[in-house]
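Please look over the notes below with the model open.

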Amino acid sequence: MDPEVPASEESGRKRRVHGMLKLYYGLNEEGKIEEKPQSADPCDINGPDFDPEHYLNKLRKECSLAELMNQETTMVKQIRSLDSDMQTLVYENYNKFISATDTIRKMKNDFKKMEDEMDCLSTNMATITDFSAHISGTLEDMHAQITKLSGVHTLLRKLQFLFELPARLNKCLELQAYAQAVNFHQRARCVLQQYSHLPSFKGIQDDCHAIMEKLAMELRQKFRDGGSSAKDLAECVELLLQLDEPAEELCEKFLSHAGSRLQLDLQGLEAEIKPSPSVSKDASSLLPPQSLNTDILEFIDRGCNEFVSSLCLVITSYQELFINHAQKGDLASKNMAQMANGKLLAFVNDLAARYFSLVERRIQEEKGVADNSLLVRALDRFHRRLQAVTKLLPGSSVPTRGTEIVIRAATERVKQYLAALQSFYVDSLTDVRQALATPRLSPLPTPGAGSHLSGPASGREAPSGLPELLSSLSASILNQIKSVLASVHLFTAKDITFSNKPYFKGEFCCQVVRESLVVSFIKFVCQSSRQFCESAGDKGGSTPPALLLLLSRLCLDYETSTISYILTLTDEQFLAQHHSPATAVTSLCAEAREAAQKLLNHYVKVQGLIISQMLRKSVETRDWVNTIEPRNVRAVMKRVVEDATSIDVQVGLLYEEGVRKAHSSDSSKRTFSVYSSSRQQTRYAASYTPSAPMDTSLLSNIHKLFSERIDIFSSVEFNKVSVMTGIIKISLKTFLECVRLRTFGRYGLQQIQVDCHYLQMYLWRFVSDENLVHFLLDEIVGSSAHRCLDPTPMEQSVIEVICERG
């Protein structure tokens, strides 16, 4: 059987018994008697008017025998159940009944004892009342006399104090117990003033006045000497105020004395800013600023511990003496508090201005940016200690000016970091130029069969470490930027008191750090890189072409990834994303791409002009009319191919290959006619007459009309093929223009044929479209033929043999 069933039945039975008891006694759930209307039904077995005889008669009349038997059985069961419940209730509460009986018995005994004690107390109180009445009656006659004697005694003591007052004051003056003397005089002054018409009191009053005048003179002298501590000085002023000294005069003297002591603190600070007198002028110019005076943190600590602490003590003492005391007594009607507060504000603002001037001068000496934590800690301590002045003197301009100094110092330090970054970038470029100027140990091989360069071409050989130089330059700049951001981030650290100012949460992070530092440096990189394009002369100036190529790649990398990374890093560290930036990332990327494009275009122009210069000199310095029959390729053509190969390798180190058009299978073996690739040589060789040049010139011009126009100085793309195409276009165009200005003989024309075929053998590999090289070389040969006195071309097989042998 479940053990929980008997327990539930037991609790239900108890509730039923209690309910029946409540019902019997007419109680509700709260234990109060319910007021129910009285039932007058004699047949209601639970009602007060129940009549058994009437109830039985009614049952006999209305019920059958079986119903009567059932009613009897039911009633017997209810009687037994009530008897059983009553027995159980009595049994359960038996101990309570016994305890209640004992308690009632004990209470009866206690109350009986208490009644006896109260009777005794009442008797004693009556006796005491009788004795008190008897004593009062006995002493009633002497009470007035005792009161009179007590008043006389008090008066005599006061008179004794008055007559002894001059002696007391002299003794206090002798012992320098000025506060006690003033206290004695304050106690007696009103009485002496009231009875000054009596000769005896008048004499005492005169003696006291003389003594107090002497005391006041000593206090004034002590006040003027200035050798006392701040506590003694405050006590002196307080005593003088109690002696009715003019409050305004005391304010001025107090501030003057305190100002002289604070001026000494300021002079000590100013002495730390200036160089030591023992150091000579020449020697001091060689020493760094840090070796001539203490560091900025020690300077600020000294200023805070000496000047600011003393200033706060002066403010507290002054307010306690002249402002707080002015709120009560007779001084309140004289507007002393307003006057004293105005003088204090002017005094504090004037001294604080001198102190701030010294602090700014010392901060301006902090030119080094190696350790920014020292400056930040100094500014934090400076700002933190000024908060005490703010609490003591709310109307002062000290906190505002102090915050302005912190803001200017932080802004100036960011400017110094920008200058340091710019200097670092310039120095890094100098190192790169030196590395590029270092000659290589082994030259690049020439593309020709079995030929070698005698040495590297100055400014045109690709340094073996060009990618390493780019990677090192980019990494060093990025690391330097991260280091600078970490140093500047100290200004916004959570443990710095001024970092929660609105300026440092908003304008400093967005305008100063992001715009004035990071964005300005990125713009400086782009602008300084573009300056290499503007300062170059006809021959490229003093800027190595490899440096132009490296900077173009650097700017391109900035455009693709570095700028976004730097600005994202800045925004994350300084929470600048909560403020609208003045410069968008896209505009900076566009500026970097523009710089990269300009540098790469200039690189193409410089390299093209270098090769063009060689070709121009080779054409201008040769007698093409009386030259000998060509037996080999000219050395300058080999040099052109070698330089083009070197440039191709150099560009390939930093840029991708690019897209080329499909090459024909015989690109290196194309032939050039005397006039044009669209005309056959035999057509004009047999019928060369004076009218022939006119016809060939006309046909050449017609051919040019239908040829695709070649833009020589167009912008190049950021790949190797486009760069090489631009350089070769400039070089061949120069070659063509130089040829048009010369007159050729028979062998001069043939030499041009050999040179052009040699160039065709190698240059087609570098360009995006081999037809471009073929067209320009065809124009060169055609122009030579037009300028030739005896246009007899060389056999193609002979040209090929000479070029292969060369």
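**Notes on aromatic pairs and packing**

1. The protein has 13 aromatic pairs, counting rings of Phe, Tyr and Trp (its six-membered ring) with centres within 6.5 Å; planes under 30 degrees apart are stacked, over 60 edge-to-face and the rest tilted. The rings of phenylalanine 356 and phenylalanine 382 have centres 5.8 Å apart and planes at 80°, so this pair is edge-to-face. Phenylalanine 356 is in helix 13 and phenylalanine 382 in helix 14, so the pair ties together parts 26 residues apart in sequence. Helices here are DSSP runs of H or I with at least four residues, strands are runs of E with at least two, and both are numbered from the N terminus.

2. This is a predicted model, in which local features need pLDDT of at least 70 and side-chain atom pairs pLDDT 80 or more, while totals for chains, interfaces and linings use all residues. Residues are numbered from 1 along each chain as its sequence is written, and side-chain values use heavy atoms, with hydrogens and water left out.

3. Are the two phenylalanines buried or exposed? Phenylalanine 356 is buried, with a relative accessible area of 1%, and phenylalanine 382 is buried at 1% as well. Buried means under 20% relative accessible area, exposed over 50% and partly exposed in between, with a 1.4 Å probe and protein chains only. Phe356 and Phe382 form one aromatic cluster with Phe307 and Tyr355.

4. Tryptophan 624 and phenylalanine 744 form a tilted pair, 5.3 Å centre to centre with 55° between the planes. Tryptophan 624 lies in the loop between helix 20 (585-620) and helix 21 (635-652), and phenylalanine 744 in the loop between helix 24 (720-740) and helix 25 (746-763), so the pair ties together parts 120 residues apart in sequence. Both tryptophan 624 and phenylalanine 744 are buried. The charged end of arginine 622 sits over the ring of tryptophan 624, 5.3 Å from its centre (the rule: NZ of Lys or CZ of Arg within 6 Å of the ring centre and within 35 degrees of the ring normal).

5. Helix 14 (residues 373-392) has 20 residues and should span 28 Å at 1.5 Å a residue; its end C-alpha atoms are 30 Å apart, which agrees. The expected span is 1.5 Å times one less than the number of residues. Its buried residues, including Leu375, Leu379, Phe382 and Leu386, pack against helix 12 (296-323), helix 13 (336-364) and helix 15 (398-437).

6. For the whole protein, there are 27 helices and zero strands. Of its 806 residues, 40% count as buried.

Note on methods
Contact means heavy atoms within 4.5 Å.
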